[in-house]
Amino acid sequence: MSDKLKVLGVHFSPRRQGSSWIILEEFGKGVVDSGAEFSTVSVAEANNLHGCQECGSCNVDGNCVIEDDMAIFYKAFEAVTRIVVSTPVFFYDIPAQGKAVIDRSQAYWARRYVLGRHREGLEGAQGFLLGVGATRGKDLFIPAALSVKYFFDALAFPKNFESLFFRKIETPKALTKEQLQSARAAGAAFAKP
Ligand SMILES: Cc1cc2nc3c(=O)[nH]c(=O)nc-3n(C[C@H](O)[C@H](O)[C@H](O)COP(=O)(O)O)c2cc1C
């Protein structure tokens with residue numbers, strides 16, 4: 001098994017080749033530039049994804065009882081110490097599909113805060129947030145950043161993380177070369193051991 005640093009890109013847009021995906025891809029190129037491994041999971045590939053039903057089962061054994069495509073995300077989260085989330089803004093927040101992934105991380109929250117379990121092997125863990133929206137509001141990414149902060153905390157990743165936000169991006173065509181370069185540079189910096 002490779003001992004390279006592993007970075008996971010978590011994509012929260014239902015649009016497969018949209019702006020947040022392209023930004024994430026550029027970030028991933030930067031990760032690879034730095035000699036790390038980059039893989040992705042996307043809600044756009046998850047056709048069967050449900051929200052948390054607040055049944056409380058994870059409070060008992062730390063596992064979610066819902067059997068669906070969230071299994072892909074749970075498996076991916078186990079294998080990495082660096083996670084970059086890339087999300088568009090929908091109605092000032094994360095798209096419902098991405099929010100479902102966050103809400104289902106309640107299983108991790110329950111393991112940590114109800115069952116008192118410690119996740120091993122997360123020394124040096126770090127998160128990063130990429131955000132994209134069509135408008136230019138100064139508070140545009142605040143809701144997403146707060147949700148992601150507590151998502152990382154549930155995973156036992158640090159609550160403090162760097163981010164890169166792109167405003168006035170309605171379609172991928174609006175992304176400039178400089179913006180893509182900045183995403184790649186951020187990925188390279190993020191993947192430094
Ligand atoms: C349902 C929906 C709601 C949206 N709400 C907002 C919004 O509140 N603020 C904003 O700036 N952009 C909003 N947008 C625009 C998207 O954030 C923007 O087009 C983004 O680039 C889409 O990224 P994607 O191609 O990765 O999905 C919305 C788009 C959709 C489809």
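This is a predicted model: local features need pLDDT of at least 70, side-chain atom pairs count only at pLDDT 80 or more; totals for chains, interfaces and linings use all residues.
Helices are DSSP runs (H or I) of at least four residues, numbered from the N terminus.

Figure 1. Helix 1, residues 19-33, supplies three residues to the shell around the ligand, the largest share. The shell has 18 residues, of which Gly18, Ser20, Pro88, Gly133 and Thr135 come nearest to the ligand. By residue class the shell divides into 10 nonpolar, six polar and two charged residues.

**Figure 2. The protein chain as a whole.** The protein chain holds seven helices and five strands. Their order along the sequence is β-α-β-α-α-β-α-α-β-α-β-α. The C-alpha trace spans about 50 × 40 × 30 Å along its principal axes. The radius of gyration is 16 Å, which agrees with the value near 16 Å for a compact globule of 193 residues. Of the 193 residues, 38% are buried. Among contacts between residues at least 6 apart in sequence, 81% join residues at least 24 apart.

Figure 3. Strand 1 (residues 6-11) pairs with strand 3 in the parallel sense over five bridges. Within this pairing, Arg82 of strand 3 is the bridge partner of Val7. Strand 4 (residues 126-132) also runs parallel to strand 3, joined by seven bridges. Here Leu129 of strand 4 stands opposite Val85.

**Figure 4. The largest nonpolar core.** This core has 48 residues, and those touching the most other members are Val7, Phe27, Val84, Val85 and Leu130. In soluble globular proteins, nonpolar side chains tend to be buried together. Apart from neighbours within four places in sequence, Val85 is in contact with Val10, Phe12, Leu129, Leu130 and Val148.

**Figure 5. Val84, a buried position.** Val84 belongs to strand 3. A residue counts as buried when 20 or more other C-beta atoms lie within 10 Å of its own. Val84 has 31 such atoms within 10 Å, so Val84 is buried. Gly9 is 75 residues away along the chain, yet its C-alpha atom and that of Val84 are separated by 4.9 Å.

**Figure 6. Glu78, an exposed position.** Glu78 lies in helix 3, which covers residues 70-78. The C-alpha atoms of Glu78 and Val31 are separated by 19 Å, and the two residues are 47 apart along the chain.

Key:
Residues are numbered from 1 along each chain as its sequence is written. A residue is near a molecule or strand if its C-beta atom, placed from the backbone, lies within 6 Å of it. Helices (H or I, at least four residues) and strands (E, at least two) are DSSP runs, numbered from the N terminus. Ala, Val, Leu, Ile, Met, Phe, Trp, Tyr, Cys and Pro count as nonpolar, Asp, Glu, Lys and Arg as charged, and the others, Gly among them, as polar. A nonpolar core is a set of buried Ala, Val, Leu, Ile, Met, Phe, Trp, Tyr and Cys residues joined through C-beta atoms within 7 Å. A residue is buried if 20 or more other C-beta atoms lie within 10 Å of its own, exposed if 12 or fewer, and partly exposed in between; C-beta atoms are placed from the backbone. Two residues are in contact if their C-beta atoms, placed from the backbone, lie within 7 Å. Two strands pair if DSSP finds at least two bridges between them. The radius of gyration is taken over C-alpha atoms; the globule rule is 2.2 Å times the number of residues to the power 0.38.
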